[in-house]
Amino acid sequence: MARVALVTGGSRGIGEAISKALKSAGYEVAATYAGNDEAAKKFTEETGIKTYKWNVADYDSSKAGIEQVEADLGPIDVVVANAGITRDAPFHKMTPEQWHQVIDTNLTGVFNTVHPVWPGMRERKFGRVIVISSINGQKGQFGQVNYAATKAGDLGIVKSLAQEGARAGITANAICPGYIATEMVMAMPEKVRESIVGGIPAGRLGEPEEIARCVVFLAGEDAGFINGSTITANGAQHLV
Ligand code: CAA
């Protein structure tokens, strides 16, 4: 029977590429989205991948949503915590609201996504937790105190989960994408984006499929000894 994979924020951007790549690799995939019904509908029509709507920042909605996915598709073996937002502003202009929105979605959202599937993974002695962090969690970024804090937090989450899950056959790893050609990056002021791209030795933005490839690798049955690690995919922009 096909393994079941859940991808949060899985109908657009990097998440869309991840959902499609997992489906092509033989997984039964469920993709979540927060608000854009039209994009989700189009995505399901084009890919045949089921979508589910809930806010990852809310624990009860996440838990209920995950129960529904498991009722429909079976126990979740692979969870990809990908959903994320930006609310960029220099620190002196950042509002408490901008801080909390990003923390609630990007960081607490990872807890809310992984916590409900964790007991089942422990019982079944298999699980793959993959968290989409960011280059900016590794190096920080002007205008992203909130976002960088969450993405650095992701690395602490997977390193701790890796130690807790290892004996139960569960791995937890992070991927740190650099600047990828998605709506999120294209929404940046053009001048800022151009200056960032100028600093990428590869001379280009990354493609969502290049991140999806890392996810499929980490999700594999034969990736069980890769645990608590970070895959960096950033065109050599920042080397750790
Ligand atoms: N380093 C140093 N100074 C910088 C700077 C930088 N990287 N970027 C801007 N500045 C300076 C400007 O030169 C300007 O200086 P002056 O006032 O002396 O002219 C000043 O900061 C701009 O200040 P403002 O008060 O005008 O800033 P703003 O309110 O317009 O906000 C910003 C600017 C929104 C933070 C903008 O700089 C920005 O969007 N930065 C990019 C943030 C970024 O990289 N976001 C990534 C989004 S994609 C993503 O997050 C995905 C991923 O994982 C990679």
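This is a predicted model: local features need pLDDT of at least 70, side-chain atom pairs count only at pLDDT 80 or more; totals for chains, interfaces and linings use all residues.
**Notebook: core and ligand shell**

I started at Val 129 and looked up its contacts, leaving out residues up to four places away in sequence. Val 129 touches Val 79, Val 114, Trp 118, Met 121 and Leu 161, and also Ile 170, Thr 171, Ala 172 and Asn 173.

Then I went to the largest nonpolar core, which has 28 residues. Val 129 is among those with the most contacts inside it, along with Leu 6, Trp 54, Val 69, Ile 76, Val 79 and Val 114. S6 gives the most, with four residues.

On to the ligand. I found 19 residues around it, and the closest are Asp 88, Lys 93, Ser 134, Tyr 147 and Tyr 179. By type, the shell splits into 10 nonpolar, seven polar and two charged residues.

Which side chains put a polar atom by a ligand oxygen? Ser 134 has a side-chain N or O atom 2.7 Å from one, Gln 144 has a polar side-chain atom at 2.9 Å, and Tyr 179 has one at 2.7 Å. The protein covers 57% of the 1,100 Å² of accessible area that the ligand has on its own. Helix H8 (183–186) and helix H9 (190–198) are the elements that give two or more residues to the shell.

Notes. Residues are numbered from 1 along each chain as its sequence is written. Side-chain values use heavy atoms; hydrogens and water are left out. A residue is near a molecule or strand if one of its heavy atoms lies within 4 Å of it. A polar contact is a pair of N or O atoms within 3.5 Å; within protein, one must be able to donate a hydrogen and the other to accept it, and residues adjacent in sequence count only if both atoms are side-chain atoms. Accessible areas come from the Shrake-Rupley method with a 1.4 Å probe; for residues, only the protein chains shown count as cover. Ala, Val, Leu, Ile, Met, Phe, Trp, Tyr, Cys and Pro count as nonpolar, Asp, Glu, Lys and Arg as charged, and the others, Gly among them, as polar. A nonpolar core is a set of buried Ala, Val, Leu, Ile, Met, Phe, Trp, Tyr and Cys residues joined through side-chain atoms within 4.5 Å. Buried means under 20% relative accessible area, exposed over 50%, partly exposed in between (1.4 Å probe, protein chains only). Contact means heavy atoms within 4.5 Å.
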